[in-house]
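Here is a walk through one structure, taken contact by contact. Keep the 3D view open and follow along.

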Amino acid sequence: MPAKKPSPPTASPTSLATADDHPWVGLGEDGAGLTVDNFITTLVVRTANALRRTVTLPYAESFDLTMAEWRMLSVLAEAGSLPFSEMVRLSATDKSLVSRTLRLLETRNLVALEAVNGSYRQGLECRMTEAGAALYRKAMPVAQKAQADMIRVLTNNERKVLYRTLQKLRHACGDDDLDHPEK
């Protein structure tokens, strides 16, 4: 069983920006006054990297998985079996990284890769093995707890606002198709 990770610290309200010193309040169309550190892309990437490092990486490593391997297993676990092209799309990961990661998982007998109709030209089908499914069933409760611990740093209202905000930004970027695979 992986070691229990301490809960993340909560930020004190005084350490957070107020509306008076918030660089986005009153922002004009030209973005004048924004520094690179206050770009939305910079803040989101830095936050995502910090979350991966402090939340996801510890539980992935406790199950002897890289971040990419955990991502591929979790995507595949939802479907059981997927064409390679769908693995790339659903994991929102570079095709070459998906390929390398799946090959590594295959050598560990966590996934099986099979040519469609016996021909790699027709595509590659990715399937979760029983060993992969067993590992996922062990890892998922640990992952859920780690994720919940971080989400619980936020108040219920902050959770609602952040979730809606992230969905709105994804929509503005045209990334809705990940929510609706049938499109």
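Tyr 59 is found in helix 1. This is a predicted model. The relative accessible area of Tyr 59 is 6%. That is under the 20% cut-off, so Tyr 59 counts as buried. What does Tyr 59 touch, once its neighbours within four places in sequence are left aside? The contacts are Trp 70, Val 142, Ala 143, Ala 146 and Gln 147. Take Ala 143 from that list. Tyr 59 and Ala 143 are 84 residues apart in sequence. In space, their C-alpha atoms are 6.3 Å apart.

A pair of aromatic rings is described by two values, the distance of the centres and the angle of the planes. The whole structure holds 2 aromatic pairs. In one, the ring centres of Tyr 59 and Trp 70 lie 5.7 Å apart, with the planes at 85°. An angle over 60 degrees counts as edge-to-face, so the pair of Tyr 59 and Trp 70 is edge-to-face. Helix 1 covers residues 40–62 and carries Tyr 59, while Trp 70 lies in helix 2. The pair therefore ties together parts that are 11 residues apart in sequence. Both Tyr 59 and Trp 70 are buried.

Trp 70 also pairs with Tyr 136. Here the ring centres are 5.7 Å apart and the planes are at 20°. Is this pair stacked or edge-to-face? Planes under 30 degrees apart count as stacked, so Trp 70 and Tyr 136 are stacked. Tyr 136 sits in helix 5, residues 130–151, and Trp 70 in helix 2. This pair therefore ties together parts that are 66 residues apart in sequence. Trp 70 has a relative accessible area of 8%, so Trp 70 is buried. Tyr 136, at 11% relative accessibility, counts as buried as well. The ring pairs link Tyr 59, Trp 70 and Tyr 136 into a cluster.

Stay with helix 2, and turn to its packing. Two packed helices are described by the angle between their axes and the distance between the axes. Helix 2 spans residues 67–79 and helix 4 spans residues 95–107. Their axes come within 9 Å and cross at roughly 85°. Helix 2 is therefore roughly perpendicular to helix 4. Which residues make the contact? Helix 2 supplies Ala 68, Glu 69, Met 72 and Leu 73. Helix 4 supplies Leu 97, Val 98, Thr 101, Leu 102, Leu 104 and Leu 105. By type, the residues of this contact divide into 8 nonpolar, 1 polar and 1 charged.

Look next at Glu 69 of helix 2. Its relative accessible area is 6%, so Glu 69 is buried. Not counting residues up to four places away in sequence, Glu 69 touches Asp 64, Thr 101, Leu 104, Leu 105 and Arg 108.

Salt bridges come next. How many does a search of the whole structure find? There are 9. One joins the side chains of Glu 106 and Arg 103, with the closest N and O atoms 3.5 Å apart. Glu 106 and Arg 103 are 3 residues apart in helix 4, so about one helical turn separates them. Glu 106 is partly exposed at 29% relative accessibility. Arg 103 is partly exposed too, at 36%. Salt bridges that share partners also join Asp 64, Glu 69 and Arg 108 into one network.

Arg 89 has a relative accessible area of 21% and is partly exposed. Glu 86 counts as partly exposed at 23%.

One more bridge remains to visit. The side chains of Arg 46 and Asp 37 meet in a salt bridge at 3.4 Å, N to O. Asp 37 has a relative accessible area of 43%, so Asp 37 is partly exposed.

Conventions. Residues are numbered from 1 along each chain as its sequence is written. This is a predicted model: local features need pLDDT of at least 70, side-chain atom pairs count only at pLDDT 80 or more; totals for chains, interfaces and linings use all residues. Side-chain values use heavy atoms; hydrogens and water are left out. Axes are lines fitted to C-alpha atoms, for helices over the stretch in contact, and angles run from 0 to 180 degrees between N-to-C directions. Helices (H or I, at least four residues) and strands (E, at least two) are DSSP runs, numbered from the N terminus. Angles under 35 degrees count as roughly parallel, over 145 as roughly antiparallel, 65 to 115 as roughly perpendicular and the rest as oblique. Contact means heavy atoms within 4.5 Å. Ala, Val, Leu, Ile, Met, Phe, Trp, Tyr, Cys and Pro count as nonpolar, Asp, Glu, Lys and Arg as charged, and the others, Gly among them, as polar. A salt bridge is a side-chain nitrogen of Lys or Arg within 4 Å of a carboxyl oxygen of Asp or Glu. Buried means under 20% relative accessible area, exposed over 50%, partly exposed in between (1.4 Å probe, protein chains only). Rings of Phe, Tyr and Trp (its six-membered ring) pair if their centres lie within 6.5 Å; planes under 30 degrees apart count as stacked, over 60 as edge-to-face and the rest as tilted.
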